[in-house]
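Trainee: I would like to learn how to read surface features from a model. Where do we begin?

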Amino acid sequence: MGMFFFYNNRKPRKFNHKPIFFDPDKEQRKEEMEKRIRRIKEEVAREEGREVEVSSSPSKTDFGTEFLSQTKYLKRRKERDQDNKRPFFTNNITIVILLIAMVAIFYFVFFR
C-alpha cells in the first residue's frame, strides 16, 4: 500500500520536442525557387503577349473556410453570427431565469 508524502514527490516530465524534419536552409531554397519560377512565368507571359498573372502567394487552401463550407451546422451558425440574429433566449437567458425564479419565490411566499 502506497503512502502519500509531501516531500520527494516525482515531478512531471517536461515537454522537449525537437523537430526532426525541419531544415531552415531547405525552406529558404524552396522560397527562392518559388520566386524564380514566378519570375520565369512572368517573363514567358510577357513574351507571349498575355497578361501577367500576379499571385501574392502560392495557392494554399484555407481549411477553416473549406471546413465551414462543408458542414451544415457551422455554416448556419456562421451566417447567423454575421447577421447578428440570435434567438431571444440566448441573448437574455439570465433575465428569463431570474424572472422564473422571482415568480416561483412570489408564488411560494404569498400563496402558501
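Mentor: Begin with the cut-offs for accessibility: a residue is buried under 20% relative accessible area, exposed over 50%, and partly exposed in between. Keep in mind that this is a predicted model. Take lysine 75, which has 37% relative accessibility and therefore counts as partly exposed. Lysine 75 belongs to helix α3, residues 72-83.

Trainee: Which residue is 10 residues apart from lysine 75 along the chain, with its C-alpha atom at 9.5 Å?

Mentor: That is threonine 65; 9.5 Å separates its C-alpha atom from that of lysine 75.

Trainee: What percentage of the residues of the chain count as buried?

Mentor: The chain has 112 residues, and 2% of them count as buried. The accessible surface of the chain is about 12,100 Å², with 58% of that belonging to carbon and sulfur atoms.

Trainee: How many helices and strands are there in the chain?

Mentor: Five helices and zero strands. Along the sequence the pattern reads α-α-α-α-α.

Trainee: Now the charged side chains. How should I read a salt bridge?

Mentor: Side chains of opposite charge can pair when their charged atoms come close. The cut-off here is a side-chain nitrogen of Lys or Arg within 4 Å of a carboxyl oxygen of Asp or Glu. The structure has three such salt bridges.

Trainee: Which residue forms a salt bridge with arginine 39?

Mentor: Glutamate 43, with the closest N and O atoms 3.4 Å apart. Arginine 39 and glutamate 43 are four residues apart in helix α1 (residues 24-48), so about one helical turn separates them. Arginine 39 is partly exposed at 43% relative accessible area, and glutamate 43 is partly exposed at 36%.

Trainee: Where in the chain are glutamate 42 and arginine 46, and how many residues apart are they?

Mentor: Both are in helix α1, four residues apart, which means a separation of about one helical turn. Glutamate 42 has 22% relative accessibility and counts as partly exposed, whereas arginine 46 is exposed at 53%.

Trainee: What is the distance between the closest N and O atoms of glutamate 48 and arginine 50?

Mentor: It is 2.8 Å, in a salt bridge between glutamate 48 and arginine 50. Glutamate 48 is exposed, with a relative accessible area of 54%. Arginine 50, at 46%, is partly exposed.

Trainee: Which residues make the nonpolar surface patch?

Mentor: The patch is made by Ile105, Phe106, Tyr107, Phe108, Val109, Phe110 and Phe111, and covers about 810 Å². One of these residues, isoleucine 105, lies in helix α5, residues 93-110.

Trainee: Is isoleucine 105 buried or exposed?

Mentor: Its relative accessible area is 53%, so isoleucine 105 is exposed.

Conventions:
Residues numbered from 1 in each chain as written. Predicted model: local features only at pLDDT ≥ 70, side-chain atom pairs only at ≥ 80, totals over all residues. Heavy atoms only, no water. Patch = residues over 30% accessible without salt bridge, like charges linked within 9 Å, V, L, I, M, F, W, Y side chains within 5 Å. Areas by Shrake-Rupley, 256 points an atom, 1.4 Å probe, with all protein chains shown as cover. Helix = DSSP H or I, 4+ residues; strand = E, 2+ residues; numbered from the N terminus. Buried < 20%, exposed > 50% of the residue type's maximum accessible area, 1.4 Å probe, protein only.
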